[in-house]
Amino acid sequence: MKPTVLKPIKIVLIEDNEGDILLTTEIFKEGKLAHYLFTLKDGQSAIKYLEKKDEYSQADTPDLILLDINLPKINGLEVLQHIRKSDHLQGISVCMLSSSDSAQDIHTSKTLGADFYFQKPLNSQELVNAITQKGPFWLNLVKIER
């Protein structure tokens with residue numbers, strides 16, 4: 001029997017805070033998860049990337065989007081709305097990132113179609129487990145039921 005070779009997961013991190021970018025990058029390195037991580041720092045660039053426009057014409061479609069709520073130019077909730085209204089992007093898992101534990105932020109994310117809501121700072125083991133196992137292990141994370 002041939003060993004199973006896992007295809008690296010394509011992740012787009014949309015985050016403007018350098019500290020959070022560094023932390024997320026380290027989490028994935030430590031988790032030894034086969035992945036490609038591409039980072040964008042504002043909502044406008046995120047939409048251009050996802051639509052493969054301009055300098056992103058050769059961009060890969062991600063398997064997972066980690067999306068900060070508070071972004072410059074276009075906020076994360078508006079990016080989420082764009083993703084869920086686009087036929088070719090609807091199937092991508094979107095995990096909202098926020099330092100807020102506000103019920104309103106969680107509710108708005110759910111209403112707009114987010115799959116999960118992560119409160120920052122991210123817990124490395126929980127994040128890696130969430131991505132690799134996709135099960136009822138979300139512990140302190142909020143899983144959004146659609």
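**View A. S102 caps the N-terminal end of helix 4.** A side-chain oxygen of S102 lies 3.1 Å from the backbone nitrogen of Q104. Such a pair is a polar contact: N or O atoms within 3.5 Å, where, within protein, one must be able to donate a hydrogen and the other to accept it, and residues adjacent in sequence count only if both atoms are side-chain atoms. Helix 4 covers residues 103-112. Just after helix 4, G113 takes a positive phi of about 105 degrees. Helices (H or I, at least four residues) and strands (E, at least two) are DSSP runs, numbered from the N terminus. This is a predicted model, in which local features need pLDDT of at least 70, side-chain atom pairs need pLDDT 80 or more, and totals for chains, interfaces and linings use all residues. Residues are numbered from 1 along each chain as its sequence is written, and side-chain values use heavy atoms, with hydrogens and water left out.

**View B. D42 caps the N-terminal end of helix 2.** D42 sits in the loop between strand 2 (35-40) and helix 2 (43-50). Which backbone nitrogens does the side chain of D42 reach? One belongs to Q44, at 3.0 Å. Another belongs to S45, 2.7 Å from a polar atom of the D42 side chain. Is D42 buried or exposed? D42 is buried, because its relative accessible area is 10%. With a 1.4 Å probe and protein chains only, buried means under 20% relative accessible area, exposed over 50%, and partly exposed in between. Leaving aside neighbours within four places in sequence, D42 is in contact with I14, L71, P72 and K73. Contact means heavy atoms within 4.5 Å.

**View C. Helix 2 is mostly covered.** Six of its eight residues are buried. They are G43, S45, A46, I47, Y49 and L50. What do these buried residues of helix 2 pack against? Their partners are strand 1 (9-14), strand 2, strand 3 (64-68) and helix 3 (76-85). Just after helix 2, K52 takes a positive phi of about 55 degrees.

**View D. Helix 2 passes helix 3 in a right-handed crossing.** The contact uses G43, A46, I47 and L50 of helix 2. From helix 3 come V79, H82 and I83. The two axes come within 9 Å and cross at roughly 15 degrees. Helix 2 and helix 3 are therefore roughly parallel to each other. Axes are lines fitted to C-alpha atoms, for helices over the stretch in contact, and angles run from 0 to 180 degrees between N-to-C directions. Angles under 35 degrees count as roughly parallel, over 145 as roughly antiparallel, 65 to 115 as roughly perpendicular, and the rest as oblique. A crossing is left-handed if the near helix is turned anticlockwise from the far one by less than a right angle, and right-handed if clockwise.

**View E. Helix 3 passes helix 4 in a right-handed crossing.** L77, L80, Q81 and R84 of helix 3 make the contact with T108, S109 and L112 of helix 4. The axes of helix 3 and helix 4 come within 9 Å, crossing at roughly 20 degrees. Helix 3 and helix 4 are therefore roughly parallel to each other.

**View F. D20 belongs to helix 1 (residues 18-30).** Its relative accessibility is 18%, so D20 counts as buried. Not counting residues up to four places away in sequence, D20 touches E15 and K120.

**View G. G91 lies in the loop between helix 3 and strand 4 (93-98).** G91 counts as exposed because its relative accessibility is 75%. How many residues separate G91 and D63 along the chain? They are 28 residues apart, and their C-alpha atoms are separated by 8.6 Å.

**View H. The protein has five helices and six strands.** From the N terminus on, the elements run β-α-β-α-β-α-β-α-β-α-β. Of the 146 residues, 45% count as buried. Among contacts between residues at least 6 apart in sequence, 64% join residues at least 24 apart.

**View I. Confidence is highest in helix 2 and lowest in strand 6 (residues 142-143).** The score is pLDDT, the predictor's confidence in each residue, from 0 to 100. The protein averages 82, and 77% of the residues score at least 70. Where does pLDDT stay under 50? That stretch is residues 134-146, for which the model has 30 contacts beyond four places in sequence.
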